[in-house]
Amino acid sequence: MKILVTGANGQLGNCLRNCSERGSKDNYIFTDVAELDITNAEAVKRMVKDNDIELIINCAAYTNVDKAEDDAEFAETLNSDAVRNLAEAIKDNDGTLIHISTDYVFGKEPYNVPCREDQKGTPTGVYGMTKLHGEQAIAASGVKSLIFRTAWLYSEYGKNFVKTMLSLTSTKPTLKVVFDQTGTPTYAQDLADTIFDIIENRRYKDNEGIYHYSNEGVCSWYDFTKMIAEIAGNDTCDIQPCHSDEFPSKVTRPSYSVLDKTKIKETFGIKVPYWTDSLKTCNIIITGGAGFIGSHVVRLFVNKYPDYHIINVDKLTYAGNLANLADIENKPNYTFIKADICDFDRMLELIRQHNIDGIIHLAAESHVDRSIKDPFTFAKTNVMGTLSLLQAAKVHWESLPEKYEGKKFYHISTDEVYGALELTNPEGIESPFTTTASSKEHHHAYGSEFFLETTKYNPHSPYSASKASSDHFVRAYHDTYGMPTIVTNCSNNYGPYQFPEKLIPLFINNIRHRKPLPVYGKGENVRDWLYVVDHARAIDLIFHKGNVAETYNIGGFNEWKNIDIIKVVIRTVDRLLGNPEGHSDELITYVTDRAGHDLRYAIDSRKLQKELGWEPSLQFEEGIEKTVRWYLDNQAWMDNITSGEYERYYDDMYKNR
Ligand code: NAD
Ligand code: TYD
C-alpha cells in the first residue's frame with residue numbers, strides 16, 4: 001500500500017518517518033510544501049492518482065496560534081481548504097484520510113474537565129476555528145477518515161521545545177515560565193507510534209471517526225520546563241514561576257483542555273504513556289514505597305535522579321502510609337499507584353504502560369509477630385506477590401526486541417532467612433569487624449559466627465519462611481529464564497517512618513504515653529541494627545553497580561541485645577523530654593517470649609564493603625539520636641497511625657502476654 005504523509009518536516013512527520021524506517025510493509029511518500037503544495041487542489045489530485053495513494057496522513061497545518069490571529073486567511077486556507085483538497089482527492093481513489101487535529105477546537109470548557117469526541121467544538125481563536133473547519137470539511141466530503149485530536153506536542157523536532165532547550169542551555173540567568181496554565185505535553189513520537197501501529201495492523205479500516213490522544217497526566221508549563229532543565233543538567237538558569245497575565249496571549253482559554261482518551265484506548269486497546277515517560281532515561285517501579293524502608297528508597301531515587309520516572313506501587317496496607325512521602329509527592333518524576341502486587345494482570349499492565357526498566361521490590365508483610373498469628377497473608381503477599389511481579393516482568397521483557405538487556409529485578413530480603421546464630425559469647429567479645437555504623441561505645445559481637453552470602457537458608461518463623469521462598473523464586477527466574485536479578489539480605493533497620501509495631505518506634509511511643517515496655521523473654525536476643533537511610537544508600541549502589549545474579553548482605557556490624565538497645569532508647573527519650581535519668585526504666589516489663597524467637601542475627605557485610613565500597617554514613621549513636629528526635633518532633637505522624645485499628649492490634653498482641 002502507498003501512503004502519502006504531508007507536513008513531513010514537522011514534528012509528527014519526522015516521527016512517522018522514524019516509524020517507517022524501523023520497517024514497514026507499506027511504501028511511504030513523505031512530502032513537504034516544496035514537493036506538494038496542498039493548497040493546490042489539482043496538484044494534490046495528480047499526486048494521489050499518479051502514485052495510486054490509498055492513505056493520506058495529513059500532518060501539515062498552520063500551527064502558530066498567536067500568528068494565526070493576524071493571518072486568518074492563510075490559516076483558513078491551510079487548515080481547512082487544503083484539508084478539503086486532500087479529502088476530495090483520496091475519496092476519488094477510494095482511500096482513507098488520517099488527519100491530525102487539535103484540542104484547540106475546544107476552549108470554553110471548565111477547567112480540567114476531560115473533553116470527549118462527541119462534544120461540540122468551542123474554539124476561542126482563529127487557529128482552533130480553522131482546525132474545526134478542517135474537520136467539518138472532512139465530514140462534509142464523506143471521505144473515509146480518522147481524525148486524531150491531540151494536545152500540545154513536543155519532540156526533538158519541535159520549534160517550541162527546541163527554543164526552550166536553547167534558552168536553558170544558554171547562559172540566561174533567569175527564565176520566567178507560566179505556572180497557572182496546565183495541560184499535557186505530549187510526546188509526538190508516542191502519537192506517531194500509535195498511528196503507525198493502527199496502520200500496520202490495518203485497524204484504521206472499520207474504525208473511522210474522531211479520536212482524542214494525549215499522554216497521561218497534567219502539568220503546568222513551569223513543571224515541564226523545570227523537568228527539561230533538570231534533564232539538561234542546567235542548574236545555572238533560575239526558572240521562575242510567573243502568572244499567565246505576564247504573557248498576554250491573543251487567544252484566551254480558561255486553561256488548556258484535557259482530552260478524554262477512553263475511546264482511543266478502548267477501540268485500539270492501546271496504553272498511553274505518561275508525559276514524563278519519554279523524558280526519562282529509566283523507568284523504575286519501587287514496590288512497597290509507602291512503607292518504612294520503601295519510602296526512604298523512593299525519596300532517595302526521586303531526589304537523586306530527576307531523569308528517572310519513579311513509580312511507587314503500594315497496596316497501602318496498615319503499614320503503608322503516603323504521609324511518609326509528603327515532601328516529594330508533587331515532584332514531576334514521581335507517581336504513586338495504589339495496587340496489589342498479587343494482581344498479576346495489573347502488574348503486567350503497569351510494567352507495559354510505563355515501559356519499566358527496573359523493579360526494586362520491597363512490598364511485603366514484614367512483621368514476625370503478625371506472621372505467627374496469620375501465616376496465610378504472609379505466604380500470599382510475600383510468595384505469590386513476588387511471583388506475580390516476576391512473571392509480569394518476564395512476560396513484558398521477553399516481548400521486547402532487546403529482551404532483558406538493560407533490565408533489572410532487584411529483590412529486597414532479610415537476614416532472617418538464614419535462621420539463627422548461636423549466642424556463644426553472652427557477655428560479648430570485641431567485634432572482629434566494623435563499619436561506620438558500628439557503635440563506638442558498645443562494640444560487641446555475641447558469637448564468632450556471622451551470616452555470609454553463602455550461609456544455608458534455615459528460616460524459622462512464617463515471616464522468614466515466606467521471605468526465603470520469595471528469594472528462591474527470584475533466583476529461579478534468573479537461573480531458568482535468564483532474568484537479571486539481584487537479591488540483598490539486610491539486618492534490622494531503624495529510623496524515621498517505621499510503623500510502631502516494631503521495637504524502636506513502639507518503645508518510643510510507649511515511653512511518651514507512659515505505657516509498659518513489653519520486653520520478650522529475658523531481652524537477651526541479639527539483633528544487628530542499621531540506620532534505614534544507609535540501607536537505602538546501599539540499595540541505590542547495588543541497583544546501579546551490583547552484579548547480576550549476585551547476593552549481597554547488608555548490615556552494620558552493630559550487634560545489640562534487646563535489653564541494651566532498649567536502655568539506650570529509654571535514656572535518649574528521657575534526656576530529650578527533659579526527664580531525669582532512669583525516669584522511664586520502671587516501664588520495662590518482661591512478657592512471654594515470642595514463639596520460636598531467633599536468638600541472634602549478625603550479618604557479615606564485608607563483600608559489599610569490598611566489592612562496591614559501601615560504608616554506612618552514620619554511626620549508631622548519631623543514628624539513634626536522630627531517630628528518637630524525629631519521633632518526638634513528629635508526634636502528629638505517630639498519632640495519626642496509632643488510633644482505631646492500631647489499638648485493636650495492640651490489645652490483641654499484648655493483652656494476655
Ligand atoms: P513495611 O511493613 O514498613 O512496608 C511494607 C509496604 O508494603 C507497605 O507500604 C505496604 O502497604 C506494602 N504492601 C504490603 N502488601 C502489599 C501488596 N500485596 N501489594 C503492594 N504493596 C504491599 O516494611 P519495611 O520494614 O519497609 O520492609 C520493606 C522490605 O524490606 C520488606 O520486603 C522486608 O522484608 C525487608 N526488610 C526489612 C527489614 C526491617 O528491618 N524493616 C530488614 C531487612 C529486610
Ligand atoms: P522487631 O522490631 O519486631 O524486629 P524482628 O523481629 O524482625 O527482629 O523485634 C526486634 C527484637 O525486639 C526482636 O528480638 C523481638 C523484640 N521485641 C520485644 O522484645 N518486644 C516487642 O514489643 C517487640 C515488637 C519486639
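Colleague: How far from an oxygen atom of ligand 1 is a backbone N or O atom of Ala364?
Modeller: First, this is a predicted model: local features need pLDDT of at least 70, side-chain atom pairs count only at pLDDT 80 or more, and totals for chains, interfaces and linings use all residues. Residues are numbered from 1 along each chain as its sequence is written, chains are lettered from A and ligands numbered from 1 in the order written, and side-chain values use heavy atoms, without hydrogens or water. For Ala364 and ligand 1, that distance is 3.5 Å.

Colleague: What percentage of the accessible area of ligand 1 does the protein cover?
Modeller: Areas here come from the Shrake-Rupley method with a 1.4 Å probe. On its own, ligand 1 has 830 Å², and the protein covers 97%.

Colleague: Which element gives the largest share of the shell around ligand 1?
Modeller: Helix H10, strand S17, helix H14 and strand S21 each give two or more residues (helices are DSSP runs of H or I, at least four residues; strands are E, at least two). The largest share is three residues, and they come from S17.

Colleague: What is the centre-to-centre distance between Tyr497 and Trp630?
Modeller: There are 38 aromatic pairs in the whole structure (ring centres within 6.5 Å; planes under 30 degrees apart are stacked, over 60 edge-to-face, the rest tilted). Tyr497 and Trp630 form a tilted one, with 55 degrees between the planes and a centre-to-centre distance of 4.6 Å.

Colleague: Is Trp630 buried or exposed?
Modeller: Buried means under 20% relative accessible area, exposed over 50%, partly exposed in between. Trp630 has 14%, so Trp630 is buried.

Technical notes
A polar contact is a pair of N or O atoms within 3.5 Å; within protein, one must be able to donate a hydrogen and the other to accept it, and residues adjacent in sequence count only if both atoms are side-chain atoms. Rings of Phe, Tyr and Trp (its six-membered ring) pair if their centres lie within 6.5 Å; planes under 30 degrees apart count as stacked, over 60 as edge-to-face and the rest as tilted. Buried means under 20% relative accessible area, exposed over 50%, partly exposed in between (1.4 Å probe, protein chains only).
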